[in-house]
Amino acid sequence: MSALTIFSDQDPSAPIWHSRDGGEIATELNKINVRFERWQADRELGDNPQPADVISAYQHEIDKLVAEKGYQSWDVISMRPDNEQREVLRTKFLSEHTHGEDEVRFFVDGAGLFCLHLEGKIFQILCEKNDLISVPANTRHWFDMGGSPSFTAIRLFDNVEGWVAHFTGDKIADEYPRLGE
């Protein structure tokens, strides 16, 4: 079940707010201009879906976002516990970074933890199947897919290059709870 936990960016030991209610999560994230919606991942795609099948199954939802926001490209990221690159990718995504565009993800399956660092707080959003999140451009954040990752998500981009990160060098991500810990 999706969740939002908010911490001070000075104290990772004591959450200051927590909810698993989708409406409360959306309301709280809207205050910081983060879009959070519960969509219906209504297509069964199996245990390890191929990217083309995921895109085909959700093209109607992609088209809505493209019409609304003008996204230029999209792809599918899928990670399973047996992926040989899982530790390398986890380490890369766990480093605080920004993007020059919104980071948009629709979770078709599985879960991941987005951690946003802004306004003196850390917002940890557990995104699961059916969750759409859009993190505004230039927001400091990191993503934890867990030590045994299992998720499939559609990513939408403002540019044709896809995922381009600008790492901050801040080690704050090392101080906060990780997915599955």
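On a 1 Å grid over the protein atoms alone, a pocket is an open set of points with protein on both sides within 12 Å along at least five of seven lines, while a cavity is a set of points where a 1.4 Å probe fits but cannot get out. A residue counts as lining when it has an atom within 4 Å of a point. With those terms in hand, we can start with the largest pocket here, which holds about 190 Å³ of space. The model is predicted, so local features need pLDDT of at least 70 and side-chain atom pairs count only at pLDDT 80 or more, whereas totals for chains, interfaces and linings use all residues. Residues are numbered from 1 along each chain as its sequence is written, and side-chain values use heavy atoms, with hydrogens and water left out.

**Pockets**

- Thr5, Leu113, Gln124, Leu126 and Arg178 lie nearest the centre of the largest pocket, whose lining has 13 residues.
- The elements that give two or more residues to this lining are β1 (3-8) and β7 (121-128); strands are DSSP runs of E with at least two residues, helices are runs of H or I with at least four, and both are numbered from the N terminus.
- β1 gives the most to the lining of the largest pocket, with 3 residues.
- By class, this lining has 6 nonpolar, 4 polar and 3 charged residues. Here Ala, Val, Leu, Ile, Met, Phe, Trp, Tyr, Cys and Pro count as nonpolar, Asp, Glu, Lys and Arg as charged, and the others, Gly among them, as polar.
- The second largest pocket holds about 160 Å³ of space. For such volumes, grid points are joined across faces, edges and corners, and the volume is the space filled by probe spheres set on the points.
- Residues lining the second largest pocket include Thr91, Phe167, Asp170, Lys171 and Arg178.
- The lining of the second largest pocket divides into 3 nonpolar, 3 polar and 5 charged residues.

**Cavities**

- How many cavities of 30 Å³ or more are there? The count comes to 3.
- The largest cavity has a volume of about 110 Å³, and Ile77, Phe93, Glu103, Arg105 and Phe143 lie nearest its centre among 13 lining residues.
- β6 (103-118), β9 (140-144) and β10 (151-157) each supply at least two residues of that lining, with the largest share, 4 residues, coming from β6.
- The lining of the largest cavity has 8 nonpolar, 2 polar and 3 charged residues.
- The second largest cavity holds about 40 Å³; of its 10 lining residues, His99, Glu101, Asp102, Glu103 and Phe157 lie nearest the centre.
- β6 gives the most to the lining of the second largest cavity, with 3 residues.
- By class, the lining of the second largest cavity has 5 nonpolar, 1 polar and 4 charged residues.

**Helix α1**

- Which residues of helix α1 (residues 22-30) are buried? They are Ile25, Glu28 and Leu29, where buried means under 20% relative accessible area, exposed means over 50%, and partly exposed lies in between (1.4 Å probe, protein chains only).
- β1, β2 (17-19), β3 (35-38) and β7 are among what covers the buried residues of α1.
- Asp21 caps the N-terminal end of α1, with a side-chain oxygen 3.1 Å from the backbone nitrogen of Gly23.

**Ser2**

- Ser2 lies in the segment before β1. Ser2 counts as buried because its relative accessibility is 6%.
- The side chain of Ser2 makes polar contacts with the side chain of Arg38 at 3.2 Å and with that of Asp131 at 2.5 Å. A polar contact is a pair of N or O atoms within 3.5 Å; within protein, one must be able to donate a hydrogen and the other to accept it, and residues adjacent in sequence count only if both atoms are side-chain atoms.
- Leaving aside neighbours within four places in sequence, Ser2 is in contact with residues including Ser19, Ile25, Phe36 and Leu126, where contact means heavy atoms within 4.5 Å.

**Two loop residues with positive phi**

- Glu119, in the loop between β6 and β7, has a positive phi of about 55 degrees although it is not a glycine. At 59% relative accessibility, Glu119 counts as exposed.
- Asn138 is placed in the loop between β8 (131-135) and β9, and its phi is near 70 degrees, a positive value in a residue other than glycine. Asn138 is exposed, with a relative accessible area of 57%.
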